[in-house]
Amino acid sequence: MNKFVFSSIAAFMSFNVFALATPDAPHIYIQGNASITTIPDNVKLTVAIVEIDKDLIAAKNKADNTMAKAIKLAKSKGVEEKGIYASNISIQRETEYNRETGKQNFVGYRVTRNLSLTLTDTKQYPVLLQQLVNSGINEINQTQFVSSRYEELQKQAQKLAIKDARAAAKEFANDYGVELKGLYTASNSPLDTGVQPYMRAEKMIMADAAPSNYVPDAYNGGEITITASSYAVYYIEN
């Protein structure tokens, strides 16, 4: 379930001039905030195969064979071609310090291949992970649960933050018995006003439908919170 949470930070009444962020006229400085909480529907997984052998060709062949198995497994679990990235091979000489001789002994060639996958069926994640390990993958570098709707939700959050800032300005002006006379400036980043806004106590919560491919019994990736802020300076008149 996606949850929208608004928390307004509203207002500082000021008659000073701080750079160009505020006008040389009565005004209020407003910050609106919004956050959207959603359930992740994709998993980004980065794994690797590391082989060490004194025979470089043997180490490379082992790594390549394991990578081929891993890619085949990923495809069998529904990972699309565009969601698979197999990196180029990395080769390093591996040595080990011998305390008795005081020399570095050659252990072998360390051959590494990295594989990044984007799994769109989260219920397949634990199964795929185990099968990758069984196939020879010996490093799990990163697992990230993400939303395929992130950009869409980020835009929604930004619009809600702007809406929240406008509502906060009206409420603050009404509480102080002044009238809003128009917008002076607005930004998605904090303004150089030299003052700190304060938080309103009120919060408003709304609910949205979960992603269409959300699986309630899948591996629990928690929730993702997408936030946005909007800053504005409004002219006021007593």
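Me: How many salt bridges does the structure hold?

Reply: A salt bridge is a side-chain nitrogen of Lys or Arg within 4 Å of a carboxyl oxygen of Asp or Glu. The structure holds nine of them. This is a predicted model, in which local features need pLDDT of at least 70 and side-chain atom pairs count only at pLDDT 80 or more, while totals for chains, interfaces and linings use all residues. Residues are numbered from 1 along each chain as its sequence is written, and side-chain values use heavy atoms, with hydrogens and water left out.

Me: What is the mean pLDDT of the chain, and where does pLDDT stay under 50?

Reply: pLDDT is the predictor's confidence in each residue, from 0 to 100. The mean for the chain is 83, and 81% of its residues reach 70 or more. Residues 13-19 stay under 50; the model has 20 contacts (heavy atoms within 4.5 Å) for them beyond four places in sequence. Residues 201-211 also stay under 50, with 25 contacts beyond four places in sequence.

Me: How many helices and strands does the chain have?

Reply: Helices (H or I, at least four residues) and strands (E, at least two) are DSSP runs, numbered from the N terminus. The chain has three helices and ten strands. Their order from the N terminus on is β-β-β-α-β-β-β-α-β-α-β-β-β. Of the contacts with a separation of 6 or more, 82% are between residues 24 or more positions apart.

Me: What percentage of the residues is buried?

Reply: Buried means under 20% relative accessible area, exposed over 50%, and partly exposed in between (1.4 Å probe, protein chains only). Buried residues make up 39% of the 238 residues in the chain. Accessible areas come from the Shrake-Rupley method with a 1.4 Å probe; for residues, only the protein chains shown count as cover. The accessible surface of the chain comes to about 13,700 Å², and carbon and sulfur atoms account for 49% of that.

Me: With which residue does Lys75 form a salt bridge?

Reply: Lys75 forms a salt bridge with Glu81, and the closest N and O atoms are 3.1 Å apart. Lys75 is partly exposed, with a relative accessible area of 41%, whereas Glu81 is exposed, at 56%.

Me: How many aromatic pairs are there?

Reply: Rings of Phe, Tyr and Trp (its six-membered ring) pair if their centres lie within 6.5 Å; planes under 30 degrees apart count as stacked, over 60 as edge-to-face and the rest as tilted. By this rule there are five aromatic pairs. In one of them, the ring centres of Phe106 and Tyr109 are 5.2 Å apart and the planes stand at 70 degrees, so the pair is edge-to-face. Phe106 is partly exposed at 27% relative accessible area, and Tyr109 is partly exposed at 23%.
Tyr184 and Tyr235 also form an edge-to-face pair, with 5.6 Å centre to centre and 80 degrees between the planes. Tyr184 lies in strand β8 (residues 179-187) and Tyr235 in strand β10 (residues 224-237), so the pair ties together parts that are 51 residues apart in sequence.

Me: What span should helix α3 have, and how far apart are its end C-alpha atoms?

Reply: The expected span of a helix is 1.5 Å times one less than its number of residues. The 27 residues of α3 (residues 150-176) should span 39 Å, and the end C-alpha atoms are 38 Å apart, which agrees. Buried residues in α3 include Leu153, Leu160 and Phe172. Just after α3, Gly177 takes a positive phi of about 70 degrees.
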